[in-house]
Amino acid sequence: MTQHVKKAELHCHIEGAASPALVRQQAQKYGADVSGFIKGDSYVWSDFTEFLVAYDGAATLFRSEEDYALLARTYLEGIAAQNAIYAEIFVSPDHAVAAGLSPGAYFDGLADGIAQAKLSSGIECRMIIVGVRHLGAEKVEAAARLASMRPHPLITGFGMAGEERFGKVADFARAFDIARDAGLGITIHAGELAGAESVRDALNHVRPSRLGHGVRAAEDEALVRRIAEQGVVLEACPGSNLALKVYPDISSHPFDHLRRAGVKLTLNSDDPPHFGSSIGHEYQLVADAWGYDAADLTGFTRTAIQAAFIDEPTRAILLGQLD
Ligand code: ADE
Ligand code: ZN
């Protein structure tokens, strides 16, 4: 039922979208050993800290513009085959620099892959620069300054990923001020590994239009009402939450509760091969859990496009594809 539903996702980390097969191919190219974090055709990790090790290990094997073009094209063509019409990818210049690539070459390579996928499938894509929280406020501010220079026309937003339990949101407020002043769309990971307090801090200090995850706001009903009233959009990633054991099973996940409370929700794959997920899988997961029909599911896509960090003419074209 869900295959023909038009889809969009706003929350996918491009380095986290590399399949183990693609990473093995890259490892062969560079003569590297991936046995520490890939076994057979799966990533191996058992908690968030180990997940980050696998994520960072895979990222070090993308070292050139061509590597990143291949990664972006492969990811986008894969989701276009699942009927996705739009995606925003989180891009992390810190990961590129750690792999020996300049931010400019990183963005150009990704943009090449985006252009190739648009040509072959019609899918639209934009990039959101993220700072990595556990690298500290200075690094996140540097990422924000880079984003504020608008280094590529496809870069339309700024966000923060990484270990949510590191530091306080207020420490990163300046980075978000820099990005907001530059006119970038703002999103921040909160309410994934930490609870409602983390979401409240994010709203107070960062004033994002979207929250990465945000679902643990459900632990505080007053906060849920605030999110619904302010129209803050949640980039929900239920499959990721199950894989990282934020919730034991889908029936314990607050997605449907938040929806009934009037919170605007989108569906996202986060780091798909790490979590045994894909955007198609996310739509199927919630449809099976709560009996959503095609109109309900298209509603999540519409919310995503309404909340997208994109120019108005393109938004109108994308919305027109949902009618
Ligand atoms: N970076 C990549 N995936 C992430 C996640 N699920 N949470 C926080 N930071 C991340
Ligand atoms: Zn994420």
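Let us start with a term: a residue is buried when its relative accessible area is under 20%, exposed when that area is over 50%, and partly exposed in between, using a 1.4 Å probe and protein chains only. The model is predicted, so local features need pLDDT of at least 70 and side-chain atom pairs count only at pLDDT 80 or more, while totals for chains, interfaces and linings use all residues. Residues are numbered from 1 along each chain as its sequence is written, chains are lettered from A and ligands numbered from 1 in the order in which they are written, and side-chain values use heavy atoms, with hydrogens and water left out.

With that term in hand, take Ser-35. Ser-35 counts as partly exposed because its relative accessibility is 40%. Ser-35 sits in the loop between helix H1 (20-30) and strand S2 (38-39); helices (H or I, at least four residues) and strands (E, at least two) are DSSP runs, numbered from the N terminus. Between the C-alpha atoms of Ser-35 and Ala-179 there are 38 Å, and the two residues are 144 residues apart along the chain.

Now to the sheet. Eight strands make up an open sheet with parallel pairing, and their order is S1-S4-S5-S6-S7-S8-S9-S10. Here two strands pair if DSSP finds at least two bridges between them. S1 (7-13) and S10 stand at the edges with a single partner strand each, so one side of each has no neighbour in the sheet. From one strand to the next, the twist averages 25°; angles run from 0 to 180 degrees between N-to-C directions, and axes are lines fitted to C-alpha atoms, for helices over the stretch in contact.

S4 is joined to S5 by six bridges, and the two run parallel. Ala-87 has Cys-125 as its bridge partner in S5. What makes strand S5 (residues 124-132) largely enclosed by the rest of the structure? Nine of its nine residues are buried, so S5 is largely enclosed. Glu-124, Arg-126, Ile-128, Val-130 and Val-132 point one way from S5, while Cys-125, Met-127, Ile-129 and Gly-131 point the other way, and all are buried.

S5 also pairs with S6 in the parallel sense, over six bridges, and Gly-131 has Met-160 as its bridge partner in S6. Strand S6 (residues 155-161) in turn is joined to S7 by two bridges, and these strands run parallel. Opposite Phe-158 stands Ile-186 in S7. Strand S7 (residues 185-190) is largely enclosed by the rest of the structure because six of its six residues are buried. From S7, Gly-185, Thr-187 and His-189 point one way and Ile-186, Ile-188 and Ala-190 the other way.

Further on, strand S8 (residues 210-213) and strand S9 (residues 233-236) run parallel and are joined by three bridges. Gly-212 has Glu-235 as its bridge partner in S9. Helix H13 (residues 294-307) packs on the sheet and touches S1, strand S4 (84-91), S8, S9 and S10, and its direction makes about 100° with that of S10.

Next come two packed helices. Two packed helices are described by the angle between their axes and the distance between the axes. The axes of helix H6 (residues 137-148) and helix H7 (residues 173-181) come within 8 Å and cross at roughly 0°. H6 and H7 are therefore roughly parallel to each other, a label for angles under 35 degrees, with over 145 counting as roughly antiparallel, 65 to 115 as roughly perpendicular and the rest as oblique. Val-140, Glu-141, Ala-144, Arg-145 and Ser-148 of H6 and Arg-174, Ala-175 and Ile-178 of H7 make the contact, where contact means heavy atoms within 4.5 Å.

Finally, look at Asp-271, in the loop between strand S10 (264-267) and helix H12 (279-290). The UniProt annotation "binding site", from an unreviewed entry, covers Asp-271; UniProt positions are given in the numbering used here, feature names are shortened, and annotations may be inferred rather than shown by experiment. Asp-271 counts as buried because its relative accessibility is 3%. Leaving aside neighbours within four places in sequence, Asp-271 is in contact with His-13, Gly-16, Phe-51 and Tyr-55.
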